[in-house]
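Here is a friendly tour of a single protein chain. Please have a look at the fold below before reading on.

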Amino acid sequence: MPNHQKNTKRKYTPKDGDTSGKEHQELIILRENAKSVARQGLPDITEASLHFASGVDDDQLGNGLTATTTASATSFSGTILLFYQYKEPPWTPVEHKQVLKDFIVIAQRFSITGRGRVAQEGLNCTLTGSSDMVRQFCTHLREDYNPQLFAQTDFKLTDGIPYSKLFKSLSIRKTDELVAFGMAGEDKSPRLDKFAGVHLTAAEYHEAMQRENTVIVDVRNAYETALGHFEPPAGCGAILLDPKLRRSNEFPNWLADPQTQAQLHGKNVLMYCTGGIRCERATALVNQMASASSPETFQPLGVYELQGGIERYLKTFPQGGLWKGKNYLFDRRMEQVPALKPLQQVEQECAPCCVVCHSVCTKYRGQFQCAGSAGTSLPPPPKKAKTTRPVTAVSCGVPVIVCSSCTKYATDHFDELRCPLCQEGYQAPPIRPNLTQLKQRAEQKTQQISKDQPQSGVSRREAESMMQNWALEDPKKIDSAKLLKGVSEGAAVCRKDCLFVSRLPLTTTKTKMEALFGSITVLHWLTDRRTYAFYGSCIIQLSSSHDAKQVLNQHQRHRLVMDKKKIKVQYFWQPALHQPTRQGDGDASKTYDCLGDSVQVWPPSHPRDGEYPPIGHPAL
């Protein structure tokens, strides 16, 4: 076994009632593969990344790569890059057009191939190239083109891909929407900074799928689900819910259906998709719809999404974990399987059938589509089809599986092909929610809540949770009773859009802070009261409380680093207005919060926000 796996094993602990027979199976978890690279450095090209490259040829996946030699692995010199990045507020039409031109020029400069979509709301790309060039491309986006936007991008890199699986050309399209949910435009799409679900790493998601009162929702299309899906352990209390989507624009209809909302009400909702982009808007729509609904009719306990999608989960759990079957991909690999699971076992876990002869077949061959009735235009016949029947009917149009033996028949009788949904007569919920009115109601309710309970406030439960997290890092610096007393009496409030950053190196700069934390609206370097010299702490205000929460979640999972030094990040506690000012300080605007740390009344009238922190009083 390669060295990088030695300390990644742990025994599988079944939940009550789990009879899956895994009681003594050791589960390999490659936790390094679960990490997001948002605001972090890109991974180096390592032997481990080549050994566990996904999407390689079938003959090497058949034995789970256990016999793959280093020489054969390093012979792969291509890399596949998956990434998306939403932009809020969206680009203007003029900016949208310019970004499209810029992106094509940058990709060509680094010999990048592949496919991408650029909308006013952001980008979504599947690109390929040499391992070095792909990393230079990502670095250029982060450091030169738009550091504020792309510093937060989670670039998913897969090395060790044969050239036959790489794209041969570059195609970047201008679109109205990154995912065709039918929510294009600011008046329809739910805001991610307000409503997006909580991101869980692959390891966290794996544990969450084994908890009771949990509903797991596959946000992908039904033809993707047919190849593979998650399967929670029997008896754990979690269930898998398949929306049976023919295409993504059916998701709002499915979610607005009363039957769906009854299944999600009062549950922890876990959503997943191929790489994560569909879950961003899907989780936001769930939360927005819940905000606009009555708490008695539709109110999930929590809404979560799998960070990095199935693609990263299978890299983290090379034996498959709770995944069954194959992961359908939209690049030349076509599919992804667990690297350490025998292909025969993978084929048996999810056994979709040929729509002609109904024999087991797990590959989509050709471009065959369902001709069943589903309200969309009939797909054009294959080029080799002998029929001259006019295309005037309406059809489902989703991909269908046809085995190699039935290819000729399917080509000649394409109008007889039916997908599993059409075979069972399933139709999506017909009622389309008014997304514009839904967003307006949700925005009005959240604004009303903000008036009744200011955003800067914090509940006792939240304070206890924060207190516990801080105590784990440095228990000597927190006075539990004093903190909770200050919160309950209103002596201190938590600014959820502001962060207190400490233990910074003296080489810190404003540019480095923006690269690490993203959009900073206000920065204030903290200085010593006597010498006015920077001592390694500052307060920053981000664009929204959602951004601050995302940074804290990431920091709790993988401690943030500045110039190779681990830093400390926590919410900023602001003293309530009209609190007595401590006398004798050089700055009369200073006061003290319930933790005893000197802070500014926020926001300061004259923030110390220079590129470099102050080095001290000129007289000193």
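Predicted model: local features only at pLDDT ≥ 70, side-chain atom pairs only at ≥ 80, totals over all residues.

The chain holds 21 helices and 26 strands, and 52% of its 620 residues count as buried. Among contacts between residues at least 6 apart in sequence, 75% join residues at least 24 apart.

Where do the nonpolar residues gather? The largest nonpolar core has 36 residues, and V217, F251, L255, L264, M271 and L285 have the most contacts inside it.

Helix 12 gives the most, with nine residues. Beyond its neighbours within four places in sequence, F251 touches F181, V219, L245, M271, A282 and L285. A second, separate core of 25 residues includes F103, A107, V134 and F150.

Now to helix 4 (residues 93-109): its 17 residues should span 24 Å at 1.5 Å a residue, and the end C-alpha atoms, 25 Å apart, agree with this. Its buried residues are H96, V99, L100, F103, I106 and A107. They cover an arc of only 140° around the axis, so they lie on the same side of helix 4. The face turned away from that side carries the exposed V94 and Q108. The cover over the buried residues includes strand 3, strand 4, strand 5, helix 5 and strand 7. Just after helix 4, S111 adopts a positive phi of about 55°.

Conventions
Residues numbered from 1 in each chain as written. Heavy atoms only, no water. Helix = DSSP H or I, 4+ residues; strand = E, 2+ residues; numbered from the N terminus. Buried < 20%, exposed > 50% of the residue type's maximum accessible area, 1.4 Å probe, protein only. Contact = heavy atoms within 4.5 Å. Core = buried A, V, L, I, M, F, W, Y, C linked by side-chain atoms within 4.5 Å. Expected span 1.5 Å × (residues − 1). Arc of directions from axis to C-beta.
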